[in-house]
Amino acid sequence: MTTYNPMRELPATAGYRKGDVLVLCGELFGRGYANGIVDEAKSRGMTVIGATVGRRANDGKLRPLTAEELTEAEAILGGRIINVPLEAGFDLEQDDDGRSPADQLKRMKPEDWDRVHLDWGAIEQSRRNGAARFTSAIAAFATEVEKLIPAGANVLFVHTMAGGIPRIRLYMPLMNRVFKGQGERYLSSEAFWNSELGKLCRLNFDAVTADTFACLLEATAAVRSRVSAAEGVVRYAAYGYHGCEVLINGAYTWQSYTPYLPGWAKIRLEEAAAAARAQGIMATVFNCPEIQTNSSALFLGVEISLYPLLSALEREGNGPPAEAIRAECAALLREGVTLDGLVAKANDYLSSPVMARFSRYEEWPHHNTPEQAELMLTRATELLDMNRSPKEIVCAVLSRAVFTAVGKLMLNGSWNPSSPVCWLNHDVIAKRLVTD
Ligand SMILES: NC(=O)c1ccc[n+]([C@@H]2O[C@H](COP(=O)([O-])OP(=O)(O)OC[C@H]3O[C@@H](n4cnc5c(N)ncnc54)[C@H](O)[C@@H]3O)[C@@H](O)[C@H]2O)c1
């Protein structure tokens, strides 16, 4: 278990200069964590180089972006994208006989989820083929990156890749029951996780969320040698999740979203950073707060722990930037609803006796229970209903504030990191936001 190591003070300003390079390993979407660090890097005059996961053609084959897609993606990024498809995972990967895990599961029905038996020999072949494909794609990516780094520049690789729910029709109704089901629709995450479908999911999470980071470190050895020969530095930063301290009953308290099934892969990611650090490679996993993004949309309730950020902003000094965030949030609430009312409701959930058994860091990741799922999902919906419109919500404002602050903390924190894994909790995020 990784030693719990929160960043308590704002890090010193990093030495990245104009002309240094940020390489984003993962595709950039409109409202994800990576936007924060990309904007911060640009504001310092750094050059941004991006990646793509590629696209699946109609025949199922992985392909690079078309010229039109590339132009659009580069406009969103504000930088050049190396057009090598970096999709990871093996859910659609053929085994040595041309059959993928998806093919194996094509005729299975969701109601038979706990009776599904997979051909694990074939799955292992697909896993190996997928890993080989990704390894050669990231090597090609690294070769292109190397050509674009000016002599003497410093380089920061930022890993954002996470995911891996097998893209197989059977999974979606099950995932919806695990993450959003209550009452009759409730499905125990532990029972699912221990099933063969759960095992396939776990292997694919590892491949996408963790092993891609280890591959990146390995593939960029030549970049490290070249940059350090020219007196530059290379740093690696990755986004992790391992719970987060937020204000509960007035005290910063570690809590986490349940059931976070990618959690085991996130621990593996932390281990990859620790192993790299032991070899002198400056890689750091920054464990970040729960926010709403494309990737977290499935985890209804993950956003409840965002609301206490409003109190953390007051605790850490308030001032005009904090007031501006609070005012923007307040303007989105229904008539008669106040920010204090919103925070009180979230606090009521976070401090509920039902949540007590999920408070132990050493036992993370936790599995769901019917009571916990019901409480979390009911509260999440009630809190979302406190917004005037479901399209413009307080969580979006708070998520943007968090990813902006995290971008600054990560960029600076990556320069001279004291340990391979650190937590960015609401205290240091709010400190960062109030000093803007
Ligand atoms: N949203 C949260 O609450 C939260 C909390 C802590 C950490 N994080 C982490 O932040 C990082 C960015 O996530 P985000 O929430 O901003 O969402 P996002 O959807 O913007 O980013 C997800 C990234 O994963 C990549 N990806 C997805 N499937 C992939 C695959 N099969 N192969 C290769 N790449 C793939 C996408 O291209 C994208 O770059 C992730 O590592 C995530 O786990 C998110």
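## Helix H14 and its packing

H1 passes H14 in a right-handed crossing, a term used where the near helix is turned clockwise from the far one by less than a right angle, anticlockwise being left-handed. The model is predicted: local features need pLDDT of at least 70, side-chain atom pairs count only at pLDDT 80 or more, and totals for chains, interfaces and linings use all residues. Residues are numbered from 1 along each chain as its sequence is written, and side-chain values use heavy atoms, with hydrogens and water left out. Helices are DSSP runs of H or I with at least four residues, numbered from the N terminus.

The crossing of H11 and H14 is also described as right-handed. The table sets out the axis geometry of each pair; axes are lines fitted to C-alpha atoms over the stretch in contact, and angles run from 0 to 180 degrees between N-to-C directions.

| Helix pair | Axes come within | Crossing angle |
|---|---|---|
| H1 (residues 34-43) and H14 | 7 Å | roughly 60 degrees |
| H11 (residues 320-330) and H14 | 8 Å | roughly 155 degrees |

H1 and H14 are therefore oblique to each other, whereas H11 and H14 are roughly antiparallel. Angles under 35 degrees count as roughly parallel, over 145 as roughly antiparallel, 65 to 115 as roughly perpendicular and the rest as oblique.

On the H1 side, Asn35, Gly36, Ile37, Glu40 and Ala41 meet Phe403, Thr404, Gly407, Lys408, Met410 and Leu411 of H14, contact meaning heavy atoms within 4.5 Å. This contact of H1 with H14 has five nonpolar, four polar and two charged residues. Here Ala, Val, Leu, Ile, Met, Phe, Trp, Tyr, Cys and Pro count as nonpolar, Asp, Glu, Lys and Arg as charged, and the others, Gly among them, as polar.

Ile325, Glu328 and Cys329 of H11 meet Val394, Val397, Leu398, Arg400 and Ala401 of H14. The residues of the contact of H11 with H14 are six nonpolar, no polar and two charged.

Thr404 lies in H14, which spans residues 394-413. Thr404 counts as partly exposed because its relative accessibility is 29%; buried is under 20%, exposed over 50% and partly exposed in between, with a 1.4 Å probe and protein chains only. Arg99 is 305 residues from Thr404 in sequence and 43 Å away in space, C-alpha to C-alpha.

The largest nonpolar core has 149 residues, of which Leu22, Phe157, Phe213, Leu424 and Ile429 touch the most other members. H14 supplies the largest share of this core, twelve residues. Such a core is a set of buried Ala, Val, Leu, Ile, Met, Phe, Trp, Tyr and Cys residues joined through side-chain atoms within 4.5 Å.

Notes: Helices (H or I, at least four residues) and strands (E, at least two) are DSSP runs, numbered from the N terminus.
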